[in-house]
Amino acid sequence: MYIHIGQDISLLADWIIAVLDLDKATANSPDLRSYLLRAEQENRLQWLGPEIPRSIVVTVDRVYLSPVTCETLKNRFSQTYYRQALAKCHEA
């Protein structure tokens, strides 16, 4: 299943490693700020639109700065997970 993370980007749910609140996560973590800087230097950081980013979506090969809130993304992920589980139940 795919998760829409902003703009025209949808990712396979299995590719998503973490969804973080940008303000909370970067405020107290110099390691995360270093990680984001390194991802930018390696051209693995992608801004999703001109809006102020609200969340960080870490995948197996990229890092996205999304204008969609962390809570909204977590809800989308949860809904996708439950849809997959229900589909498996109906297959049986």
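**Stop 1: a hairpin and its sheet**

Begin with the hairpin that joins β5 to β6 through 3 residues. Before going on, keep in mind that this is a predicted model, in which local features need pLDDT of at least 70 and side-chain atom pairs count only at pLDDT 80 or more, while totals for chains, interfaces and linings use all residues. Residues are numbered from 1 along each chain as its sequence is written, and side-chain values use heavy atoms, with hydrogens and water left out.

The names of the elements come from DSSP runs, where helices are H or I over at least four residues and strands are E over at least two, numbered from the N terminus. Two strands are said to pair if DSSP finds at least two bridges between them. With that in mind, select β5 (55-59) and β6 (63-66), which pair in the antiparallel sense over 4 bridges. Within this pairing, V57 has Y64 in β6 as its bridge partner.

The 4 strands form an open sheet in the order β3-β5-β6-β4, with mixed pairing. At the edges are β3 and β4, each of which pairs on one side only. From one strand to the next the twist averages 20 degrees, an angle taken between the N-to-C directions of axes fitted to C-alpha atoms, on a scale from 0 to 180 degrees. Strands of a sheet pair through backbone hydrogen bonds, either parallel or antiparallel. The parallel sense can be seen between β4 and β6, which pair over 3 bridges, and L45 stands opposite V63 in β6.

**Stop 2: along β6**

Select V63, Y64, L65 and S66 and show their side chains. Which of these residues of β6 point one way, and which the other way? V63 and L65 point one way, Y64 and S66 point the other way, and all are buried; buried means under 20% relative accessible area, exposed means over 50%, and partly exposed lies in between, with a 1.4 Å probe and protein chains only.

Stay with Y64, which counts as buried because its relative accessibility is 8%. Leaving aside neighbours within four places in sequence, Y64 is in contact (heavy atoms within 4.5 Å) with I5, I9, L11, Q46, L48, S55, I56, V57 and T59. One of these, I9, is 55 residues from Y64 along the chain, yet their C-alpha atoms are separated by 9.7 Å.

**Stop 3: helix α2**

Next, select helix α2, residues 30-41. Colour L32, L36 and A39, which are buried in α2. Looking down the axis of α2, you will find that its buried residues fall within an arc of 60 degrees, so they line one face of the helix; the arc is that of the directions from the helix axis to the C-beta atoms.

**Stop 4: T26 in helix α1**

Move to helix α1 (residues 22-27) and select T26 within it. Is T26 buried or exposed? At 18% relative accessibility, T26 counts as buried. A polar atom of the T26 side chain lies 2.6 Å from the backbone oxygen of L22. Not counting residues up to four places away in sequence, T26 touches L32, R33, L36 and I56.

**Stop 5: two loops**

Select N43, found in the loop between α2 and β4. Although N43 is not a glycine, its phi is positive, at about 60 degrees, and at 62% relative accessibility N43 counts as exposed. Then select Q7, in the loop between β1 (2-6) and β2 (9-12). Q7 is not a glycine either, and its phi is positive at about 50 degrees, but at 48% relative accessibility Q7 counts as partly exposed.

**Last stop: the whole chain**

Finally, clear the selection and follow the protein from the N terminus on, where the elements run β-β-β-α-α-β-β-β-α, with 3 helices and 6 strands in the protein. Of the 92 residues in the protein, buried residues make up 33%.

How values were computed
A polar contact is a pair of N or O atoms within 3.5 Å; within protein, one must be able to donate a hydrogen and the other to accept it, and residues adjacent in sequence count only if both atoms are side-chain atoms. The expected span of a helix is 1.5 Å times one less than its number of residues.
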